[in-house]
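Here is a briefing on one protein chain. Have the sequence and the 3D view at hand while reading.

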Amino acid sequence: MKSLLRIKPQDSVAVALKPLRAGETVQLDGTTVQVKQDIPQGHKIALVPIKSGQDVIKYGVVIGHATEDIQPGYWVHTHNMKTNLDGEVHYTYEPSFPELPKVKPETFMGYRRSDGRTATRNEIWIIPTVGCVNEIGLSLARRCQDLVGGAVDGIFAFTHPFGCSQTGNDLETTRKLLVSLSRHPNAGGVLFLSLGCESCTHQSVLDELRDYDPERVKFLTCQDVTDELESGRKIIAGLAKRIGRCEREPIPVSELVIGMKCGGSDGLSGITSNPVIGHVSDMVVECGGSTVLTEVPEMFGAESFLLNRSINKKVFDEAAGMINGFKDYFISHGEKTSDNPSPGNKQGGITTLEDKSCGCVQKGGTAPIVDVLPYAGIVHTKGLNLLCSPGNDMVSTTALCAAGCHLVLFSTGCGTPFGAPVPTLKVYSNSALMKKKPNWMDFNAGVVADGKLSIEQAGEELYKLVLEVASGKKTSAELRGSRDISIWKDGVVL
């Protein structure tokens, strides 16, 4: 097993693939590196002298600058390095489209909806229009579990604290997100659960839905009935009977939509789990399918990896506008655009937002960017899509579900039990985490750092698992019953 990885030849730092001790010598690209300080796994070590104020290079790009002179062999982290990020940037379109891996077309066993769409699960979703009925939704889901079985894969309530005491765009965003979720093909049946006096009214939801299948989407206003649990049970029983007739059938990968997310990242995420997911993304796109990359604040500083892959100038301008618009969002709230990474990220070896972002966007592989979606927008274009959403795990993963992703590949270096409404596969960046938290894991990309598989080989293994999950295999989060949503709020509370 190698001890160090220099990602690009021009990098001034390397990543420790295992803990290094002061005084030991390690080999890197045929040369000997003398370790001057203890270097934790996933952290950076200087390979060349870096003067105070000089840029630090990783992934072949600038990830910040040194705040003091750093000699070769020394640890490079928050004590001697800072970000370079500050506000909006002007971007120039210089298109570049790397060749994608060749993939044999395959199928998975999914559900075909009456409108022609594809699903990987056949479930009933209870969607509260306001937080006041959350407990009713959960009670309904619990009381109806006897209806699960056969072709009915599950009955779930997705609670949230919003839908009232909101105004303007903030209320509109909540309504759009809930309606987009209701359109997801994995929901064979949907029950919108209302209280009756909230701001997110029954009529406003109908207006947002416009054309819909009344046999698939049902409504219950709790203030209008004597026993909301009995009334809800009757509706759900009818939905269960309807979707219970569905059967899985072979469906081409070209109809699959995959979301990509990372949370609790460490210094290995950008060289193991994220590029492995990126390889899967490229394989799905090459097969004619769709993938979605989000977490806009974690694109700051990594724009060079993304923007010039825009399929045309229009998409480039939309992507650049999304990124700069998100920076304005930070500034308008009096926040620094670089107020990231998290304490857990830093403990794992990520120093600056540029460092984090350059690792984060590896999940997008090398495919061209074909479309830029607004928050609560839905995928309509085959290929790699960018989606506007914050980086928060629950918020961004919910946005991926609302966009129509059939499942989410979730990279993590610290571990998380979180699960989204759609199957959420946890891809570990390091084997130590696999040994510590095996019950949260679906795939260990740490084998790349261990030298057991290449990124491409690990990507092919993960791709096989994706098809198995799309065909019905349950993820670790599904087995634990982890299913949550969170809505992006940006407004006053009345």
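Arg175 is buried, with a relative accessible area of 15%; buried means under 20% relative accessible area, exposed over 50%, and partly exposed in between (1.4 Å probe, protein chains only). This is a predicted model, in which local features need pLDDT of at least 70, side-chain atom pairs count only at pLDDT 80 or more, and totals for chains, interfaces and linings use all residues. Residues are numbered from 1 along each chain as its sequence is written, and side-chain values use heavy atoms, with hydrogens and water left out.

**The Arg175 pair**

- Arg175 meets Glu208 in a salt bridge, 3.8 Å from N to O. A salt bridge here is a side-chain nitrogen of Lys or Arg within 4 Å of a carboxyl oxygen of Asp or Glu.
- Glu208 is in helix H3 (residues 202–209) and Arg175 is in helix H2, so the pair ties together parts 33 residues apart in sequence. Helices (H or I, at least four residues) and strands (E, at least two) are DSSP runs, numbered from the N terminus.
- Glu208 also counts as buried, at 15% relative accessibility.

**Other salt bridges**

- The count comes to 26 salt bridges by this rule.
- Glu172 and Lys176 form one of them, at 3.8 Å, N to O. The two are four residues apart in helix H2 (residues 168–182), so about one helical turn separates them.
- Lys176 is partly exposed at 30% relative accessibility. Glu172 is partly exposed at 31%.
- Lys313 pairs with Asp317, and their closest N and O atoms are 3.0 Å apart. Both sit in helix H7 (residues 313–332), four residues and about one helical turn apart.
- Asp317 has a relative accessible area of 39%, which is partly exposed. Lys313 is partly exposed too, at 44%.
- A network of salt bridges links Arg121, Glu123, Glu478 and Arg483.
- Side chains of opposite charge can pair when their charged atoms come close.

**Arg113: buried without a salt bridge**

- Arg113 lies in the loop between strand E10 (107–112) and strand E11 (118–119).
- Arg113 is buried but has no salt bridge. The nearest side chain of opposite charge is Asp115, 6.7 Å away. For charge, Lys and Arg count as positive and Asp and Glu as negative; His and the chain ends are not counted.
- The Arg113 side chain does reach the backbone oxygen of Arg121, at 3.2 Å.
- Beyond four places in sequence, Arg113 is in contact (heavy atoms within 4.5 Å) with Ala119, Arg121, Asn122, Pro185, Asn186, Ala187, Gly188 and Cys246.

**Nonpolar cores**

- The largest nonpolar core has 113 residues. Such a core is a set of buried Ala, Val, Leu, Ile, Met, Phe, Trp, Tyr and Cys residues joined through side-chain atoms within 4.5 Å.
- Phe192, Leu409, Leu462 and Tyr463 have the most contacts inside the largest core.
- Apart from it lies another core, of 22 residues, including Ile136, Leu191, Leu220 and Ile236.
- Not counting residues up to four places away in sequence, Phe192 touches Ile127, Thr129, Leu178, Val179, Ser182, Val205, Leu209, Val217, Lys218, Phe219 and Leu220.
- In soluble globular proteins, nonpolar side chains tend to be buried together.

**Helix H9**

- Helix H9 (residues 353–360) is mostly covered, with eight of its eight residues buried.
- Charged residues are among the buried set, including Glu354, Asp355 and Lys356. Cys358 and Cys360 are also in the buried set.

- Phe97 lies in the loop between strand E9 (81–82) and E10.
- Phe97 is partly exposed, with a relative accessible area of 40%.
- Contacts of Phe97 beyond four places in sequence are Asn308, Arg309, Ser310, Ile311 and Pro368.
- Phe97 and Thr294 are 197 residues apart in sequence and 20 Å apart in space, C-alpha to C-alpha.
- Asp317 and Thr294 are 23 residues apart along the chain, and their C-alpha atoms are separated by 17 Å.

**Overall fold**

- The secondary structure comes to 14 helices and 23 strands.
- The radius of gyration is 23 Å, close to the 23 Å that the globule rule gives for 494 residues, so the protein is as compact as a globular protein of that length. The radius is taken over C-alpha atoms, and the rule is 2.2 Å times the number of residues to the power 0.38.
- Along the principal axes, the C-alpha atoms fill a box of roughly 75 × 45 × 40 Å.
- Buried residues make up 58% of the 494 residues.
- Of the contacts with a separation of 6 or more, 72% join residues 24 or more positions apart.

Key:
Polar contact = N/O pair within 3.5 Å; in protein donor to acceptor, adjacent residues only side chain to side chain.
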